[in-house]
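Please open the model in your viewer and keep the sequence panel beside it. The stops below are meant to be selected in order, each with a short account of what is there.

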Amino acid sequence: MRGLIPIISRKALAILTTGVISIGVVLVYIKLKGSEQLSPKDSLIQSLIDDSNVLQDSEVSYEKTTGSLDKKSFQEQVLVRRNAKLMIKVGLIAKGPPKHVMVEGSGYCKSISGDNVDEQFINHVLLSKQTGQIICRASNGKIVVNSSSYTGDVYLLNRGKGWLAVNRLNIEEYVASVVGAEMPNSWNIEALKAQAVAARSYAVAHIARPANMDFHLGDTPRWQAYGGLSSRTSRTTKATHETTGIILSYKGNIVESLYASTTDISNRAHGHLGASMSQHGAQILAQQGLKFNQILSRYYKGSSLARLRNRGN
């Protein structure tokens, strides 16, 4: 994957306009164990509330921890709603424009006017130059676009420059797929968890700074590789579930956590931008017994772990 700017500041979040799918969260800070640690400062951060298109201030708080962040203590320190609906929109551009779309299982497709449309109609329209929008929703099924399967919603858009498919889904489902697309799912679970946190942080940064008006980021390594259901496994889902909501932060800002396959590639691609994780390096550290937070502290020095938490939890 490649990135552009390592930090999304509070100021950048504050100037976001309406029309961006939002996330209403409280950031709870926890120190990373490593050679450098940074205690987060109390401050205010602008955050977004899902589907409300309204920016709101959310208080930033943190937990002072001196011991290791084992699973039990971590869960005691931060209570998180596992079903928090932070949504992300992913442009499905890796395989080109949508040419064939179908819903498998429970689901439906509707035109922008609200009329139900069937598979034959959709695929006829996709071959035309007709502008418009079709929304396909998989309640308990999946949506197949160009032979790749996705959960959530798929928006089919044509604004006069050809048809585009956009997958809108829960960020935790998205992260589980990114982990499997960016790392072998057979790797050490702690490496997979470190990848999950890096991928989630990168995604949240792009929710704050979307690629364009239609999607937050694409599905190619230009952003993060994303394969829908094909790259989501039980192990990538486990790594995602055990790090639910955790992102990287620096001085109250979201870290656009860059990473690459090896240290050499990471340094060449991201060295001028600051911290970047080596994926193979993360695997080696995990095999040596380091936990995901310790792995992250090796690459994102001075950063803290922050956990997204819905208001009122």
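Is Ile88 buried or exposed? In this predicted model, Ile88 has a relative accessible area of 0%, and because buried means under 20%, the residue counts as buried.

**Stop 1: Ile88 and its surroundings**

Select Ile88, which you will find in strand β5, the run of residues 87–91. Leaving out residues up to four places away in sequence, Ile88 touches Asn167, Arg168, Leu169, Ile171, Tyr174, Ala203, Ile207, His216 and Leu217.

**Stop 2: Tyr174 and the nonpolar core**

From Ile88, move to Tyr174, one of the residues that Ile88 touches. Apart from residues up to four places away in sequence, Tyr174 is in contact with Ile88, Val90, Leu169, Ala203, Leu217, Gln224 and Tyr226. The largest nonpolar core has 70 residues, and those that touch the most other members are Ile122, Leu156, Tyr174, Met277 and Leu296. Helix α5, residues 189–208, gives the most to this core, with 13 residues.

**Stop 3: helix α5**

Of its 20 residues, 20 are buried, so that the helix is mostly covered, where buried means under 20% relative accessible area. How far apart are the end C-alpha atoms of α5? They lie 29 Å apart, which agrees with the 28 Å that 20 residues should span at 1.5 Å a residue. At the N-terminal end of α5, show the side chain of Asn188, which caps the helix with a side-chain oxygen 2.8 Å from the backbone nitrogen of Glu190.

**Stop 4: helix α8**

Next, select residues 279–287, helix α8, in which Gln279, Gly281, Ala282, Gln283, Leu285 and Ala286 are buried. The elements that cover these buried residues include α5, visited at the previous stop, together with α4 (171–182), β14 (258–260), β15 (276–278) and α9 (292–299). At the start of α8, look for Ser278, a side-chain oxygen of which reaches to within 2.9 Å of the backbone nitrogen of Gly281. After α8 comes Gly289, whose phi is positive, near 105°.

**Stop 5: the disulfide**

Which cysteines does the disulfide join? Select Cys109 and Cys136, whose sulfur atoms are 2.1 Å apart; the structure holds 1 disulfide. This pair links distant parts of the chain, with Cys109 in strand β7 (residues 107–111) and Cys136 in strand β8 (residues 132–145), 27 residues apart. The angle about the S-S bond is 110°, and the link of Cys109 and Cys136 is right-handed. Both Cys109 and Cys136 are buried.

**Stop 6: Ser111**

Stay in strand β7 and select Ser111. With a relative accessibility of 17%, Ser111 counts as buried, because the cut-off for buried is under 20%. The side chain of Ser111 makes a polar contact, at 2.8 Å, with the side chain of Ser113. When neighbours within four places in sequence are set aside, Ser111 is in contact with Val117 and Gln133.

**Stop 7: the loop between β8 and β9**

Continue to Asn146, which has its place in the loop between β8 and β9 (148–158). The phi of Asn146 is near 50°, a positive value in a residue other than glycine. Ser147, which has its place in the loop between β8 and β9, also has a positive phi, of about 75°, although it is not a glycine. Is each of these two residues buried or exposed? Asn146 counts as buried at 18% relative accessibility, whereas Ser147, at 64%, counts as exposed.

**Stop 8: the whole chain**

Finally, clear the selection and show the entire protein chain, which has 9 helices and 16 strands. Of its 313 residues, 52% count as buried. Among the contacts in the protein chain with a separation of 6 or more, 73% are between residues 24 or more positions apart. If you switch to a surface view, the protein chain exposes about 14,000 Å², of which carbon and sulfur atoms supply 51%.

Notes:
Residues numbered from 1 in each chain as written. Predicted model: local features only at pLDDT ≥ 70, side-chain atom pairs only at ≥ 80, totals over all residues. Heavy atoms only, no water. Helix = DSSP H or I, 4+ residues; strand = E, 2+ residues; numbered from the N terminus. Buried < 20%, exposed > 50% of the residue type's maximum accessible area, 1.4 Å probe, protein only. Contact = heavy atoms within 4.5 Å. Core = buried A, V, L, I, M, F, W, Y, C linked by side-chain atoms within 4.5 Å. Expected span 1.5 Å × (residues − 1). Polar contact = N/O pair within 3.5 Å; in protein donor to acceptor, adjacent residues only side chain to side chain. Disulfide = S-S within 2.5 Å. Areas by Shrake-Rupley, 256 points an atom, 1.4 Å probe, with all protein chains shown as cover.
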